[in-house]
Amino acid sequence: MIDPHLLLAFIATVTVIILVPGPNVALIVANSVAWGPRTGLLTVAGTSSAMVLQLGLTAFGMAEALGTAGHWFEALRWVGVAYLVWLGIAHWRAPPADLTRVAAQPKSARAIYGRAVLVSLTNPKTLLFYGAFFPQFVDPARPAGPQVALLSAVFLLLAMTLDGCWALLAARARPLLARHGRLRQRITGGLLVGAGLGLALARGK
């Protein structure tokens, strides 16, 4: 279904990127610290629900595009490389956000879940990131649809697992989020630029 080497590279890259905290993690940690790990896991359920919708939309559109693009396949992947490098530079240069200022939600399961879905859905960069990132790990010699579906499932599983770890380790994680904000931004930016350049070199071979 998919080249094992591409899948392993995808897992390693996604794991590192997800481990760098963003708005979803900040909300998960805030709710876990305020109301306990169960509430943090409920927040993970909300962010993951939104992710299912986003990944579904991305996978459907991407499978259609890659399946019909034909000779444009490599061009699409170069566009993705350029976007990843641009996004990495933007992260590197952006001022660090204080993720610890995210307020916990009222202790209502509906409010916590709904807010988590909303935070995840309203990140405007998510769909663009998926659209730029996933095609780099698709083998054009094989059907695109099954590969994109597998990558989406692996991404969701990794995100749920790692976000769940943030929820369970929230008491230790919140002070960590407060420190080294600039370093956090530059780690994220460096990883994205490195991924883009690495994939560009792979395209050139």
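A contact, as the term is used in these legends, means heavy atoms within 4.5 Å.

**Figure 1. Overall fold of the predicted model.** In the protein chain, nine helices and zero strands make up the secondary structure. Followed along the sequence, the elements give the pattern α-α-α-α-α-α-α-α-α. Among contacts in the protein chain with a separation of 6 or more, 89% join residues 24 or more positions apart.

**Figure 2. Burial and surface of the protein chain.** The protein chain has 205 residues, and 45% of them count as buried.

**Figure 3. Spans annotated as transmembrane region.** An unreviewed UniProt entry lists residues 6-29, 41-63, 75-92, 112-133, 148-171 and 183-202 under "transmembrane region". In the predicted model, residues 6-29 are 88% helix and 0% strand, and the C-alpha atoms at the ends of this span are 32 Å apart. Residues 148-171, also listed in the UniProt entry, are 96% helix and 0% strand. The end C-alpha atoms of residues 148-171 are separated by 36 Å.

Figure 4. Pro146 belongs to helix 7, which comprises residues 144-168. Pro146 counts as partly exposed because its relative accessibility is 39%, a value between the limits of 20% for buried and 50% for exposed. Pro146 and Ala59 are 87 residues apart in sequence, while their C-alpha atoms are 9.5 Å apart in space.

How values were computed. Residues are numbered from 1 along each chain as its sequence is written. This is a predicted model: local features need pLDDT of at least 70, side-chain atom pairs count only at pLDDT 80 or more; totals for chains, interfaces and linings use all residues. Side-chain values use heavy atoms; hydrogens and water are left out. UniProt positions are given in the numbering used here, feature names are shortened, and annotations may be inferred rather than shown by experiment. Helices (H or I, at least four residues) and strands (E, at least two) are DSSP runs, numbered from the N terminus. Buried means under 20% relative accessible area, exposed over 50%, partly exposed in between (1.4 Å probe, protein chains only).
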